[in-house]
Amino acid sequence: MGSEESIILTLPATAAGQRLDKALAEALPQYSRERLKTLVQGGRLAAAAGVVWDPATKMKGGEALTLVIPVPRPAHNVAQDIPLSIVFEDEHLLVLDKPAGLVVHPAAGNYDGTLVNALLHHCAGGLSGIGGVARPGIVHRIDKDTSGLLVVAKNDPTHEGLAAQFAKHSVDRRYAAVVAGVPVPPAGRIEGALARSSADRQKMAIVKDGRGKHAITHYRTVLPFTGAAQVECRLETGRTHQIRVHMASIGHPLLGDASYGRTPGKLAPLLQALGFARQALHAATLGFVHPVTKEKLSFESPLPADMLALIGALAGTIEE
């Protein structure tokens, strides 16, 4: 760690009442506010009382802080010839069907072999730069172990147009999931703000309104089984791990999701026999307005083989 840079600073009295990330951005203009926010969320800022994790923390002014800047990595990604399942493509964007296990963009522990590396090869440099060197073209993401549809921008105007639709929550995103238990009522609306868990920074948690990001998920039961159900989840907002956390919060975690729930004892042997070791979640529907042509586009992705096998095995216990 000796090669890392530590910056020691004291916030001015004028920082009183400001968010931490805003106060840092004013005190350290050489870094963007977004970069500083990421560093804070990564546990790289310490105050007198210890590590500060939340960039929204309100400052009192006069705080003595130490910020650790990690060693920079080369500002480029390597194009890699990784097969892609593309369902639509034109000069402005492409829609692809991501398999489970493929990381979307480079991050700690996954600096290559990602979707971005594959896109750089496929698009030969023709990707939007808005996402920065780590996330060129990426407008939204799905978890490594979630499969399904993603839209990628090839140029900045398209990126901006798609990002605006995601911000307005006008993009149609529906997921197929298999959850533990049968939801009662069979359809409903889950509302709960999400933020990083104070107990485990790798996980998200429902927090009090005003602290995290507002999140709403609509669900409906598609097929009830004994001890499980296939459900459709429609995102009104799109937050990190939203469906996983929201379904777990009502007592119906996704099967195979080791982070947010336990597989019911009676179903554990079934998942083990199938070799099913990921959250049972698939981005099945994606609909949006093409930012350039203004055409309404909608795409459907069939369930992948592992989820079909899981549902098929459960189907023998369908409740009448």
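**View A. Tyr175 and the residues around it.** In this predicted model, Tyr175 touches Ile142, Thr146, Val231, Glu232, Cys233, Leu235, Ile243, Leu281, His282, Ala283 and Ala284, leaving aside residues up to four places away in sequence.

**View B. The largest nonpolar core.** Welcome to a group of 28 residues, in which Leu115, Leu119, Tyr175, Ile243 and Met247 have the most contacts inside the core. At least two residues of this core come from each of strand 6 (93-98), helix 3 (115-123), strand 7 (147-153), strand 8, strand 13 (228-235), helix 5 (242-249) and strand 14. Helix 3 gives the largest share, with five residues.

**View C. The largest cavity and its lining.** Searching the whole structure turns up one cavity of 30 Å³ or more, and the volume of the largest cavity is about 40 Å³. Strand 8 (172-180) and strand 14 (281-289) each bring at least two residues to the lining. Sorted by class, the lining holds five nonpolar, two polar and two charged residues.

How values were computed. Residues numbered from 1 in each chain as written. Predicted model: local features only at pLDDT ≥ 70, side-chain atom pairs only at ≥ 80, totals over all residues. Heavy atoms only, no water. 1 Å grid on protein atoms, 1.4 Å probe; cavity = no way out; pocket = protein on both sides within 12 Å on 5 of 7 lines; lining within 4 Å. Points joined across faces, edges and corners; volume = space filled by probe spheres on them. Helix = DSSP H or I, 4+ residues; strand = E, 2+ residues; numbered from the N terminus. Nonpolar A, V, L, I, M, F, W, Y, C, P; charged D, E, K, R; others polar. Core = buried A, V, L, I, M, F, W, Y, C linked by side-chain atoms within 4.5 Å. Buried < 20%, exposed > 50% of the residue type's maximum accessible area, 1.4 Å probe, protein only. Contact = heavy atoms within 4.5 Å.
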